[in-house]
Amino acid sequence: MRLAGRDPILEVERVELRFGGVKALSQVSFSVPEGSITAVIGPNGAGKTSLFNTISGFYRPQAGTIRFAGETLDGVAAPERAARGLARTFQNIALFRGMTVLDNIKLGRHAHMRTNLLDALVYWGRARREEMELRAEVEERIIDFLEIQHIRHAAVGTLAYGLQKRVELARALAMRPRILMLDEPVAGMNREETEDMARFILDVKEEWGTTILMVEHDMGMVMDISDHVVVLNFGQVIASGEPRAVQSDEAVIAAYLGAGDVGEIARRIRADAA
Amino acid sequence: MRIGTLKTSYAADEALFDTALQRGLLVALLVAAVVFPFVASPYWLFLACLCAINVASATGLNLLTGYTGLVSLGQAAFMSVGAYTVAVLEIRLGTPFALNLLIGAGLAAAIGILVGIPSLRVKGLYLAIATIAASVILHFLFSHWTLTGEARGLSMPPARLFGIAIDQPFSLYWLIMPVTMLMVLGAANLLRTRIGRAFIAVRDRDISAEVLGIPLLRTKLTSFAISSFYAGLAGGLWAYFFRVVTPESFPLDNSIFYLAAIIVGGMGTILGGILGAVFMTLVPELLKFGANWLTPIYPDALSALAPVRTIVFGALIVGFLIFEPRGLVEIWVRIRRFFHLWPFRT
């Protein structure tokens, strides 16, 4: 594989996640090479978002470990994971709708700022310095980069869907992430918006050196920009590798299109019924 | 009247008062606040001090309820902690009033943190009930403890500065008004830093707040601490103002009063807390004025004042929730928006 030489930044090892009797993830193992774009694909209900929530720290897996930059994430709470450089966006945008774009983006930096209550009340010294540094960086690196200057003072709730997705990406970038997890970054977007987003994702990787892990249904985009693809089905990894190899994998084709032989399926159903 | 914003630095864009008109209004307001005690009667000074104390406490509650989304009915109880602490320190030790106020506020903050601990698990109405429970416990404690004068309460000497007693509305004004202004300024500052943003994040979507590295419990407890610190300080000022603290000085009704003030004024805005507290403090005075005016026609008007006051408060809350859910501040915002481009476009 092209990226075989690089160390993995995120390693998921034999992770098991159950909700009562439902197995959301079983024996899921894969790794994300540093500096790559890795895509997790799979049919609806395959466990992709459960996997993301497990990595972010919302769900505690029953077994298995997740290692980030060589350190285990077992028992590490979600905010601490964020502080270590794990950023993510959500499938159904999780921005703060009443706040301005600028404030939403600034929130991303929370864990990296040191201003305490006393500094904040007087807004002098550290508080002022940190806020000004943050503002300058947000403006010059993030807002400029994502081309959202015109909406910086707008309330997020008033923006179009595609722009909101971009603001969410901006907020994640403000977290200075080492790995950026994108949950369906182009879902519900038109062709043009999708192409813009794909360009931004590639630029984040190139210019910021951030590793990207994304869940996406748009196969065209996944195959175009990712270096590495992991396929989930019914909570299990059924294939992983370079996009081209995965595309022609029989198990993957079967998962997406169904097994080939109709007579075979009919026989199986009859056997189940008996 | 504002044509464009022509700012050349980030600091200018982040300033609290960012236009010349706003700064002009602020200066005018400050001048008015300085001139006021020299022209107003003691009665109006008394009202101004009461307004200022209520603004301080309502601003604290606004940080907790308006910005962090945690409903509390304990604001009056936290005030009582500040008031009793100040009274006990003044009577027993006679320490300087600034120190007493800070100790009272600090103690209120500590108790606020304790009361806030369940907020990680319980929200909304359930949290409100938990804060009522805390109020009842504090009320019981103060009305049975010999140190706090049991049911009789405490009468205390006035605050002293360089041996001069601060016991008249005129001198009290110079103690209470600056402290309140500093508190409001502090709250406004707080809200443009990471801490204020974290409050709003916790209020709007606590799950995505966690993903951004905002620890929920710590943020909620910070909010409880600062809110009850404000209440404690306001309670301390209240004690120096009235100089009698009894278990009935801070009933549960007062907590509802502060909640009503921020609803009427506009939750989640600093200006809303100020407008609401002033408005709610002055409504009973307006009613009293109306009752006096009615006495020649209807001799019992004054005796009907208490029940009418309750009804009017209730009607105001319901009325604002239905017709102006964002409070008085929204009316101000509309006026401002109208004049933004006036007279070029209306």
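How far apart do the C-alpha centres of domain 1 and domain 2 of chain A lie? They lie 30 Å apart.

This is a predicted model, in which local features need pLDDT of at least 70, side-chain atom pairs count only at pLDDT 80 or more, and totals for chains, interfaces and linings use all residues. Residues are numbered from 1 along each chain as its sequence is written, and chains are lettered from A and ligands numbered from 1 in the order in which they are written.

**Figure 1. The two domains of chain A.** Domain 1 of chain A covers 8-85 + 177-273, and domain 2 of chain A covers 95-164. These bounds come from an automatic or database domain assignment. Seven residues of domain 1 of chain A and four residues of domain 2 of chain A make the contact (two residues are in contact if their C-beta atoms, placed from the backbone, lie within 7 Å). On the domain 1 side, H2 and helix H7 (191-208) of chain A each give two or more residues. H2(A) supplies the largest share, three residues. By class, this side holds five nonpolar residues, one polar and one charged. Ala, Val, Leu, Ile, Met, Phe, Trp, Tyr, Cys and Pro count as nonpolar, Asp, Glu, Lys and Arg as charged, and the others, Gly among them, as polar.

**Figure 2. The open sheet of chain A.** Six strands of chain A run in the order S6-S7-S8-S3-S9-S10, with mixed pairing. Helices (H or I, at least four residues) and strands (E, at least two) are DSSP runs, numbered from the N terminus. Two strands pair if DSSP finds at least two bridges between them. Strand S6 (86-88) and S10 of chain A are the edge strands; each has a single partner strand, so one side of each is left without a neighbour in the sheet. Neighbouring strands are turned by 20 degrees against each other on average, direction ignored. Helix H1 (residues 48-56) of chain A packs on the sheet. H1 touches S3, S6, strand S7 (179-183), strand S8 (211-215) and S9 of chain A. The direction of H1 makes about 145 degrees with that of S7(A). Axes are lines fitted to C-alpha atoms, for helices over the stretch in contact, and angles run from 0 to 180 degrees between N-to-C directions.

**Figure 3. Strand S9 of chain A and its partners.** Strand S3 (residues 37-41) of chain A and S9(A) are parallel, with four bridges. A:Val40 has A:Val230 in S9(A) as its bridge partner. Strand S9 (residues 228-233) and strand S10 (residues 236-241) of chain A are antiparallel, with five bridges. Here A:Val229 is bridged to A:Gly241 in S10(A). S9(A) and S10(A) form a hairpin with two residues between them. In the turn, A:Phe234 has a positive phi of about 45 degrees.

**Figure 4. Where chain A meets chain B.** Contacts join 31 residues of chain A to 25 residues of chain B. On the chain A side, helix H2 (78-83), helix H3 (101-107), helix H4 (117-122) and helix H5 (126-146) each give two or more residues. H5(A) gives the largest share, six residues. The chain A side has 20 nonpolar, five polar and six charged residues. The model scores ipTM 0.84 and pTM 0.88.

Figure 5. An unreviewed UniProt entry places the feature "transmembrane region" at several stretches of chain B, including 97-117 and 304-323. UniProt positions are given in the numbering used here, feature names are shortened, and annotations may be inferred rather than shown by experiment. Residues 97-117 of chain B are 95% helix and 0% strand, with end C-alpha atoms 31 Å apart. Residues 304-323 of chain B are 95% helix and 0% strand, with end C-alpha atoms 27 Å apart. Chain B has a mean pLDDT of 90, and 98% of its residues reach 70 or more (pLDDT is the predictor's confidence in each residue, from 0 to 100).
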